[in-house]
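Here's a quick briefing to read alongside the model. Keep the viewer open as you go through the points.

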Amino acid sequence: MDQMKVHRCQEFGMEREENKIPGDGVVTGHGTVNGRKVFAFSQDFTVFGGSLSETHAQKIVKIMDMAVRVGAPIIGLNDSGDADVFQLNVDSSGVIPQISVILGPCAGGAVYSPAMTDFIFMVDQTSYMFVTGPEVVKTVTNEHVTKEELGGSSVHATKSGVAHDSFPNDVMAIRAMRRLLDLLPSSNDPATLPRKEQTDDPERVIPSLDQVVPDDPNTPYCMKTVIREIVDHGEIFELMPNHAKNIVTAFARMDGRTVGIVGNNPMTLAGCLDIASSTKAARFVRFCNAFNIPIVTLVDVPGFLPGTIQEHGGIIRQGAKLLFAYAEATVPKITVITRKAYGGAYDVMASKHLRADTNYAWPGAEIAVMGAKGAAGIIFRGQDIEKNTQDYIKRFTNPLVAAQRGFIDDIIEPPTTRAVICRDLEMLSTKTITQIKRRNSNIPL
């Protein structure tokens, strides 16, 4: 679209014919990905370094506006931005999926356009994102830092959490984007939710899940193993796999339906919630809710990570983001406690108290204010710890107690987890909920 459009700049020699390049450095259009309609724009770094002009921005705004009107995802292969584009990013948020693939440098105010999209993919050693570049940093703070150290893909995919993943080259990044699109609806219209033909038995029993959780409650295991066992064909699309590894966020299919999966991962920080993991999961939950994607939560959380770094960093406010996101979500919410669910973290992880639809626990699960041994040590002042710990487990942390009080709906055998979730997804497919009228909620940002 707009292949012949050129800039109108008359300064600095730009008025010369050789500087009026058709398309003005950005390619816009529409097509299909796996048979589904998408809109896209791609900035051409070979034309004025991908720099922005008024007409360049107008082309991007036009294609984004058309994507919203049609109800189809927008993909940006970009390294620039403009105030009008920012407004379209906001207007499109929660209406159509927005994916940014950063294939080159993206600096200054331009970074805020991809930052407001739903997903960002970067390429190793090629793409960079920073508000101020190395030269400015050196001038202002006297720090000597390279582009890669300041805003390379490894930084944003592991430390800052700006990027949802990084890839070795452009081709792999674009392939990942296509895989992700295949799992997402075209818009917030529930009718566009993709559902594949059933090719994996929803009633499939998984005997291996009986051996996943170790007998020792302090021994870690990988929650991704559980996730891959229960989803269709063991295929997941994980987001932010190298950032906040103590929580897993991924898309997958169950009985052909797209689901969003959140799971504490005991392999990192024993699965504790911290600032980074709370923010990561909250963003994911809100995306799923915006686009009618059911949320499956797998819980093994001993609590919030303690310490001055977390408290001074605002774990109260940051942790509240995840609590708020789950409480606000009206899509089907299914929760399975695989081992530990302690204290406030139990509440936050899609508990019955946050209007989760169905909540289950495996037989060895522990649901309590804190671990049995710690609680017994406090209550009985260190006397006869082993005996009092076992008594505490029997009286308080046993999942049967939570079931009797209605905090969980059933205690299920691990091998039946997939079948139980798939049945609930079918049952909840027509879920509706009346919401209180308001201008907007005020999530603790």
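The protein has 16 helices and 16 strands, where helices (H or I, at least four residues) and strands (E, at least two) are DSSP runs, numbered from the N terminus. This is a predicted model, so local features need pLDDT of at least 70 and side-chain atom pairs count only at pLDDT 80 or more, while totals for chains, interfaces and linings use all residues. Residues are numbered from 1 along each chain as its sequence is written, and side-chain values use heavy atoms, with hydrogens and water left out.

**Overall size**
- With 445 residues, a compact globule would come out near 22 Å in radius of gyration, and the protein's 24 Å agrees with that. (The radius is taken over C-alpha atoms, and the globule rule is 2.2 Å times the number of residues to the power 0.38.)
- Taken along the principal axes, the C-alpha atoms fill a box of roughly 90 × 55 × 45 Å.

- Look for an open sheet of 6 strands in the order 1-2-3-4-6-8, with mixed pairing; two strands pair if DSSP finds at least two bridges between them.
- Strand 1 and strand 8 (165-167) sit at the edges with a single partner strand each, so one side of each has no neighbour in the sheet.
- From one strand to the next, the twist averages 20°. (Axes here are lines fitted to C-alpha atoms, for helices over the stretch in contact, and angles run from 0 to 180 degrees between N-to-C directions.)
- Helix 7 (residues 170-183) lies across strands 1, 2, 3, 4 (98-102), 6 and 8, and runs at about 160° to strand 6.

**Strand pairs within it**
- Strand 1 (residues 26-33) pairs with strand 2 (residues 36-43) in the antiparallel sense, over 8 bridges.
- Valine 26 has glutamine 43 in strand 2 as its bridge partner.
- The hairpin of strand 1 and strand 2 has 2 residues between the strands, and asparagine 34 takes a positive phi near 55° there.
- Strand 2 and strand 3 (residues 74-77) run parallel, joined by 4 bridges.
- Phenylalanine 41 has its bridge partner in strand 3, namely glycine 76.
- Strand 6 (residues 119-123) pairs with strand 8 in the parallel sense over 3 bridges, and methionine 122 stands opposite serine 166 in strand 8.

**Helix 9 with helix 11**
- Helix 9 (residues 275-290) and helix 11 (residues 315-328) pack at about 20°, with axes 8 Å apart.
- That makes helix 9 and helix 11 roughly parallel to each other. (Angles under 35 degrees count as roughly parallel, over 145 as roughly antiparallel, 65 to 115 as roughly perpendicular and the rest as oblique.)
- Residues that meet (contact means heavy atoms within 4.5 Å) include Ile275, Ala282 and Val285 in helix 9, and Ile315, Leu322 and Tyr326 in helix 11.
- By class, the contact of helix 9 with helix 11 has 8 nonpolar, 5 polar and 3 charged residues. (Ala, Val, Leu, Ile, Met, Phe, Trp, Tyr, Cys and Pro count as nonpolar, Asp, Glu, Lys and Arg as charged, and the others, Gly among them, as polar.)

**Helix 13 with helix 14**
- The axes of helix 13 (residues 372-379) and helix 14 (residues 385-397) come within 8 Å and cross at roughly 115°, so helix 13 and helix 14 are roughly perpendicular.
- Among the residues that meet are Ala372, Ala376 and Ile379 in helix 13, and Ile385, Tyr392 and Ile393 in helix 14.
- The contact of helix 13 with helix 14 has 7 nonpolar, 4 polar and 2 charged residues.
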